[in-house]
Amino acid sequence: MAKIIVTGGVPLRGEVRVSGAKNAVLPILCATLLADAPVEIGNVPHLHDVLTTIKLLEGLGAAVEHDVAGARVVVDPRAVHSHVAPYELVRTMRASVLVLGPLLARFGAAEVSLPGGCAIGARPVDLHIKALEALGAEISVEHGFIRARAERLRGGHVVFETISVGATENVLMAATLAEGTTLIDNAAREPEIVDLAECLIAMGADIRGAGTSRIEVRGVAKLRGARHAVIADRIETGTFLVAAAMTGGRVTATAARPDTLGAVLDRLRQAGAGVEIAADRITVDMEGRRPRAVDIVTSPHPGFPTDMQAQFMALDCVADGTATIDETIFENRFMHVNELMRLGADIAIDGPRATVRGVARLSGAPVMATDLRASASLILAGLMAEGETTIDRIYHLDRGYEHIERKLSGLGARIRRVG
Ligand SMILES: CC(=O)N[C@H]1[C@@H](OP(=O)(O)OP(=O)(O)OC[C@H]2O[C@@H](n3ccc(=O)[nH]c3=O)[C@H](O)[C@@H]2O)O[C@H](CO)[C@@H](O)[C@@H]1O
Ligand SMILES: C=C(OP(=O)(O)O)C(=O)O
């Protein structure tokens, strides 16, 4: 099985180009099902999750052209004839549940396998179901499938009791073709929601308020083909910037979206990094210095993203001082802790809080990746560890980072993939 081997001790320097966002491209690919003509998506990252989504769309009957070198995907949904998202695909990628809203709105029926639990928490889909029911869908869950039906969805008032990115996306997509107006309250405000809304608007949807906690959608009779370029990946960006800060280097992320990274950049400044922002570039400068410990509390956007928690924990492992990290979004997102401790980190967990005492040195060891961002945190720790760190089960990494070892090598890291 493939592994990544990192030899620590090199401060990262240089420029790295950010790819399109995984968490934007996946819902956008699902949204193409709503159109009555081909939709062209640009700035598509080459990720395992993208390939899985393409397989899912093809399984439904869509014709998909994937130009990997051009980072472009064209989906023609006109031949869609199946409404079933099978377990084999859904179990490898939770975001598959995002075909539920589009299939229901466009074809009046959807059968989507329940995604099931995964490493970071139980991740139920009750909010997705309740929201679609508020638009008139009849939904049952049996034999491991969500079965949804609706003659035509009608606009409704959805009030989320908890903020959910995926449920907001599912109901937003469904509402575009519903009869009448839908109000979504306590909507997620993530930049990926805004990007999805922009793509839907280009397809002819009538949406206001995406990026705020109230979204208003006026249903239209049909959506047309369109072109849309995916927003820059803020989590990938943040991961490289943390790598710069941890290693005492200086890195510029290009093709980035600084406006989506407020909370992350604030914490990097608190850690002692110089942060310079230009239109689509962010430079983090920690030249020759050790980061200071920074406390983290994850929360929905614009708060500190849970998808950056593991990376900041890696930074805190080698920082000067003691930090607390509170994970408020997922109940089991500390899977990286035991692995970081194998590298010599000093971390104590008490429920949703981890207390990290910075140590002067980490030492390389074999470690195992447990989920996507946990894998990233192990690479970051490996960049600071003495000797070699070998990371196993890197298929998690390939779900969400495009050529991470190539990009880090470009910044001077000693990192390679074997097997
Ligand atoms: C593909 C994608 O975009 N993934 C992101 C998305 O995941 P995802 O959309 O799955 O995350 P949600 O925002 O839905 O989850 C937030 C919390 O709500 C809970 N919940 C969610 C839905 C539901 O029906 N019932 C329920 O209880 C979840 O278990 C979790 O505790 O947002 C997360 C939170 O920013 C990120 O970490 C993921 O990277
Ligand atoms: C948890 C993540 O993704 P997913 O929702 O696809 O599992 C992530 O991107 O960190």
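Biologist: Does Lys 22 count as buried or exposed?

Modeller: Count the neighbours. A residue is buried if 20 or more other C-beta atoms lie within 10 Å of its own. Lys 22 has 24 C-beta neighbours inside 10 Å, so Lys 22 counts as buried. Keep in mind that this is a predicted model.

Biologist: Where does Lys 22 sit, and which residues does Lys 22 touch?

Modeller: Lys 22 lies in helix H1, residues 22-31. Leaving aside residues up to four places away in sequence, Lys 22 touches Pro 45, Leu 47, Asp 49, Asp 233 and Gly 400.

Biologist: Which residues does the UniProt annotation "binding site" cover?

Modeller: According to the unreviewed UniProt entry, Lys 22 and Asn 23. An annotation of this kind may be inferred rather than shown by experiment. Asn 23 is also placed in helix H1. Asn 23 is buried because 26 other C-beta atoms lie within 10 Å.

Biologist: Which residues come nearest to ligand 1?

Modeller: Read the shell first, then its nearest members. The shell holds 22 residues, and Asn 23, Leu 127, Ser 164, Val 165 and Gly 166 come nearest. Next, look for the helices. At least two shell residues come from each of H1, helix H5 (126-133) and helix H6 (165-175). By class, the shell has 10 nonpolar, 7 polar and 5 charged residues.

Biologist: Which domains supply the shell around ligand 1?

Modeller: Domain 1 and domain 2 each give at least three residues. Now check the domain bounds. Domain 1 is written in two pieces, 3-19 + 232-418, and domain 2 spans 22-229. Their centres, taken over C-alpha atoms, are 30 Å apart. The contact takes 18 residues from domain 1 and 14 residues from domain 2.

Biologist: Which element gives the largest share of the side of domain 1 that touches domain 2?

Modeller: Helix H13, residues 395-400, with 3 residues. Sorted by class, that side of domain 1 has 4 nonpolar, 6 polar and 8 charged residues.

Biologist: How many bridges join strand E7 to E9?

Modeller: There are 5, and the two strands run antiparallel. E7 covers residues 109-113.

Biologist: What should I look for in the backbone angles?

Modeller: Look for positive phi in residues other than glycine. Asn 43 has phi near 55 degrees. Asn 43 belongs to the loop between strand E3 (39-42) and helix H2 (48-60). Asn 43 is partly exposed because it has 19 other C-beta atoms within 10 Å.

Biologist: What is the phi of His 143?

Modeller: About 50 degrees, again positive in a residue that is not a glycine. His 143 is in the loop between strand E8 (138-142) and strand E9 (145-149). With 9 other C-beta atoms within 10 Å, His 143 is exposed.

Biologist: Is the peptide bond from His 301 to Pro 302 cis or trans?

Modeller: Read omega. Here omega is near 10 degrees, and the bond is cis. Pro 302 lies in the loop between strand E18 (296-297) and helix H10 (309-317).

How values were computed: Residues numbered from 1 in each chain as written. Chains lettered and ligands numbered in written order. Predicted model: local features only at pLDDT ≥ 70, side-chain atom pairs only at ≥ 80, totals over all residues. Helix = DSSP H or I, 4+ residues; strand = E, 2+ residues; numbered from the N terminus. Buried ≥ 20, exposed ≤ 12 C-beta atoms within 10 Å, placed from the backbone. Pairing = 2+ DSSP bridges. Domains from an automatic or database assignment. Contact = placed C-beta atoms within 7 Å. Nonpolar A, V, L, I, M, F, W, Y, C, P; charged D, E, K, R; others polar. Near = placed C-beta within 6 Å.
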